[in-house]
Amino acid sequence: MSVINFYQKDHQVPLEMHKVRVVQKLFLPSVEERVAKIREAGNNTFLLQNKDVFMDMLTDSGVNAMSDNQVAASMQADDSYAGSETYNRLVKALKEVFKTEYFLPAHQGRACENILAESFVKPGDVIPMNFHFTTTKAHITRMGGRVEELVIKEGLDPDYIYPFKGNFDIPRLKALIAEVGAEHIPFVRIEAGTNLIGGQPLSMENMLEVAKVCRENGIMSVLDASLLQDNLYFIKTREEAAKNMTIKEITHKIADAIDLIYFSSRKLGFSRGGGIVSNNNDLILKMKEFIPLFEGFLTYGGMEVRAMEAMAVGLLETMDEEIINQGPQFIEYLVKELDDYGVPMVKPAGGLGAHINASAFLPDMPHDQYPAGALAAALYIAGGIRGMERGSISEQRNEDGTENYAELELLRLACPRRVFTLSQIKYCADRVKWLYDNRHLIGGLKWKEEPQVLRFFSGKLEAIGDWQYKLADKFREDFGESL
Ligand SMILES: Cc1ncc(COP(=O)(O)O)c(C=O)c1O
């Protein structure tokens, strides 16, 4: 990776290795309008209209900026139902990235999870993983399986500084296999760049160790590579054993050890779509028939051919350290700005976005008033910034209807790759700092409309009391006429 030092060392900032050629105009509604909009949206940032959002930090999914080469490639897509050249080019790129022979296309990450669950999970099965992801767990439980989370205990401590907080606790994995029996474990799922605990990576060593334990016990190992891109950057920059390896060599080493890899290309490869790859044809054959059933014909799997072309180029670009370093560097900058001010952040900075520890931000808020959700609504009021609640609202209720409180109450501020400038990141930090100084004004939320499955996507909540108006009044007092 190139090193570019600033002459004035205290002016050193992350420096983008790209320039912007296509831009999109933004709008920032007034603070009074922001209060009205978030209330209309049921205090659920998923339900805000993008036209009312200044900085969209909801997710990086499908909203990363594409490169000139990706856009150019998408123009030469071969749009045929079956046997398209686009498919062949994508298979070739996947072979280069993962060294895998077989590919099943699917329309996005959760579609791969659906197919995996349909093909391998039976009632009573246990699926160990470092940590669950919302859609993964929903598909496994739908098939009667159970998720067991085996992340190291440090992974759940937002303040504990450790480079690989997404690592599996290997002794617990071995103990779980001994306890439930390998025959009840269809696969072990490794989630690169662990989403729900702050984008925390696993080390290459830990991934290889999990794969070895699986092999020794005759259990299939599965890598969810949706967030692999940031994880690769962290392996390269934080793990001694990988210091002299290229990103591609690290990817090959991991892929060689794993039986099956799936990914959302809305994340990996700066595109849209997804897929499953493997060198094991028997595993592929068990899933193959579900592709035409649920997704589309085997050479497009529900994807748009232009997205497939962009994916092929984007996956190859993922092997370039100067392309994948932009996200983690901006996230680290934002985390440092806020941490230095005293805002409780998940540390060390991970991938995907900056994560605010909402329980520590709002220590007096009762758990049943959803601190991470309340903070998400408050930040939209403070700055037109749309983050995502990653706490109890994102969990499913227990079978008896009681709340299943999340282990971490986080507000995620995703940093879609190459989308924001550093001044926008600074604006975000400024508004979070103001909110932190005014945190005593933030009140809780209660349910108004609560869907049973994946309630965080479309559920509606209401503010308890009139705190949102008071927060807007304080904003006016402090910022005057400013938007
Ligand atoms: C780790 C992980 N796995 C799976 C998915 C699901 O992917 P998709 O949103 O494309 O369905 C996501 C999406 O955020 C994710 O972060």
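How many Å apart do the C-alpha centres of domain 1 and domain 2 lie? The answer is 27 Å. Keep in mind as you click along that this is a predicted model.

**Stop 1: the two domains**

Start by colouring the chain in two parts. Select 9-60 together with 323-479 for domain 1, then 68-321 for domain 2. Next, bring up the contacts across the boundary: 24 residues of domain 1 are in contact with 29 residues of domain 2. E9 gives the most, with three residues. If you colour that side of domain 1 by class, you will find eleven nonpolar, eight polar and five charged residues.

**Stop 2: the nonpolar core**

Now select Ile261, Leu334, Leu375, Ala378, Leu379 and Ile381. These are the residues with the most contacts inside the largest nonpolar core, which has 143 residues. Domain 1 and domain 2 both give residues to the core, so it lies between them.

Zoom in on Leu334 for a closer look. Apart from neighbours within four places in sequence, Leu334 is in contact with Ala354, Leu413, Ile425, Cys428 and Ala429.

**Stop 3: one face of helix H9**

Move on to helix H9, residues 247-257, and show the side chains of Ile247, Ile250, Thr251, Ile254 and Ala255, which are buried. Then look down the axis of H9: the buried residues fall within an arc of 125°, so they line one face of the helix. The spacing of such positions has a simple background: an α-helix has 3.6 residues a turn, so residues three or four places apart point the same way.

What do the buried residues of H9 pack against? Select helix H3 (85-98), helix H7 (204-216), helix H8 (228-238), strand E7 (260-264) and helix H13 (321-324) to see the partners.

**Stop 4: around the ligand**

Centre the view on the ligand, which 14 residues surround. The closest are Gln108, Gly109, Arg110, Ser226 and Ser264. Colour the shell by class and you get two nonpolar, eight polar and four charged residues.

**Stop 5: backbone details**

Go to the loop between H14 and E9, where Pro348 has its place. The peptide bond leading from Lys347 to Pro348 is cis, with omega near -5°. Leu352 lies in the loop between H14 and E9 as well. Check its torsions: phi of Leu352 is near 70°, a positive value in a residue other than glycine. Is Leu352 buried or exposed? Leu352 is buried, because 28 other C-beta atoms lie within 10 Å, where 20 or more are needed.

For another positive phi, select Asn43, with a value of about 55° although it is not a glycine. Asn43 sits in the loop between helix H1 (31-40) and strand E1 (55-56). Asn43 counts as buried, with 27 C-beta neighbours inside 10 Å.

**Last stop: Lys122**

Finish in the loop between helix H4 (109-120) and strand E3 (126-129), where you will find Lys122. Lys122 counts as exposed, with 11 C-beta neighbours inside 10 Å. Draw a distance from the C-alpha atom of Lys122 to that of Pro416: the two are separated by 36 Å, and are 294 residues apart along the chain.

Terms used
Residues are numbered from 1 along each chain as its sequence is written. This is a predicted model: local features need pLDDT of at least 70, side-chain atom pairs count only at pLDDT 80 or more; totals for chains, interfaces and linings use all residues. A residue is near a molecule or strand if its C-beta atom, placed from the backbone, lies within 6 Å of it. Ala, Val, Leu, Ile, Met, Phe, Trp, Tyr, Cys and Pro count as nonpolar, Asp, Glu, Lys and Arg as charged, and the others, Gly among them, as polar. A residue is buried if 20 or more other C-beta atoms lie within 10 Å of its own, exposed if 12 or fewer, and partly exposed in between; C-beta atoms are placed from the backbone. Helices (H or I, at least four residues) and strands (E, at least two) are DSSP runs, numbered from the N terminus. The arc is that of the directions from the helix axis to the C-beta atoms. Two residues are in contact if their C-beta atoms, placed from the backbone, lie within 7 Å. A nonpolar core is a set of buried Ala, Val, Leu, Ile, Met, Phe, Trp, Tyr and Cys residues joined through C-beta atoms within 7 Å. Domain bounds come from an automatic or database domain assignment.
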